[in-house]
Amino acid sequence: MRDLDNSPAGQETADPAFSTDLAAMRADYAGNPFGNGEDTDLDEAWLAGGWEPLLRHWIEQATAVGVAEPNAMVVATVSLASGTPRPVARTVLCKGLSPDGVTFYTNYDSAKGTQLAAVPFAAATFVWPALGRQVHLRGPVEEVPLETTTLYWRSRPRDSQLGAWASQQSRPIGSRAELDRMLAETTAQFAEVDEIPVPPHWGGYLLRPDEVEFWQGRRGRLHNRIRVRIDGATMKAERLQP
């Protein structure tokens with residue numbers, strides 16, 4: 001493994017005199033991010049129809065105002081590799097949303113895949129800073145049926161399909177050139193194949209939340225937080241202090 005220092009070749013060391021003051025960074029939030037004069041607070045009544053319609057609405061609003069990848073979410077799993085449980089987080093794209101939960105796709109042999117096989121629970125966070133909103137989901141995770149994976153797989157661009165076959169996700173590799181060589185070999189392998197099959201090591205996960213929290217930024221850090229606890233068909237919403 002290559003050792004890295006703090007000053008890579010070709011990169012200047014930051015001048016402390018012009019460094020960013022992280023402690024001074026802050027943004028104040030209004031109740032309505034759309035600038036239409038209303039000051040609307042997140043309310044328990046917004047969840048009368050369940051947690052899924054409100055999350056879907058917020059994703060749609062983020063899309064409408066031009067947020068890049070509004071379906072991006074940070075997924076945290078538990079690693080037992082060191083012998084001590086440790087949280088591991090990364091960003092993935094939500095590719096399915098229903099009252100059952102949120103769905104994402106990945107390599108089952110990846111770090112997140114092996115972690116979910118050992119501890120099938122996860123947390124996911126959607127965050128849209130431009131709107132002053134976040135949503136957190138927590139609960140058990142299960143693999144989706146092969147038919148669901150296949151249906152999504154067929155919607156993926158061919159380049160993405162080839163990448164899923166070429167990459168042994170999360171495993172070390174010597175160089176970018178080696179990765180490019182693996183992709184070239186995979187491309188040649190499927191050159192005469194019109195419909196690339198789903199790799200046996202690739203598929204979807206469904207996070208079935210038993211807890212969903214909606215967060216709305218407000219002035220003076222007195223944010224709105226409403227947590228929904230889900231137990232089968234029963235749902236209870238409660239306001240949390242910021």
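Residues are numbered from 1 along each chain as its sequence is written, and side-chain values use heavy atoms, with hydrogens and water left out. Because the model is predicted, local features need pLDDT of at least 70 and side-chain atom pairs count only at pLDDT 80 or more, while totals for chains, interfaces and linings use all residues.

**Nonpolar cores**

A nonpolar core is a set of buried Ala, Val, Leu, Ile, Met, Phe, Trp, Tyr and Cys residues joined through side-chain atoms within 4.5 Å; buried means under 20% relative accessible area, exposed over 50% and partly exposed in between (1.4 Å probe, protein chains only). The largest core holds 32 residues, of which L55, F126, L137 and F214 touch the most other members. Elements giving two or more residues to this core include α1 (51-64), β5 (121-128), β6 (133-143) and β8 (211-216). Helices (H or I, at least four residues) and strands (E, at least two) are DSSP runs, numbered from the N terminus. The largest share of the core, 6 residues, comes from α1.

Leaving aside neighbours within four places in sequence, F214 is in contact (heavy atoms within 4.5 Å) with L42, L47, W51, L54, L55, W58, Q134, V135, N224, R225 and I226. A second, separate core of 11 residues includes V144, W153, A164 and I196.

**Helices α4 and α5**

Helix α4 (residues 158-166) packs with helix α5 (residues 176-189) at an angle of about 115 degrees, their axes being 9 Å apart. That makes the two helices α4 and α5 roughly perpendicular. Axes are lines fitted to C-alpha atoms, for helices over the stretch in contact, and angles run from 0 to 180 degrees between N-to-C directions; under 35 degrees counts as roughly parallel, over 145 as roughly antiparallel, 65 to 115 as roughly perpendicular and the rest as oblique.

On the α4 side, L162, G163, W165 and A166 meet M182, L183, T186 and T187 of α5. The residues of this contact divide into 5 nonpolar, 3 polar and no charged.

L131 lies in the loop between β5 and β6, and T186 is found in helix α5. Leaving aside neighbours within four places in sequence, T186 is in contact with L162, W165 and A166.

How values were computed:
Ala, Val, Leu, Ile, Met, Phe, Trp, Tyr, Cys and Pro count as nonpolar, Asp, Glu, Lys and Arg as charged, and the others, Gly among them, as polar.
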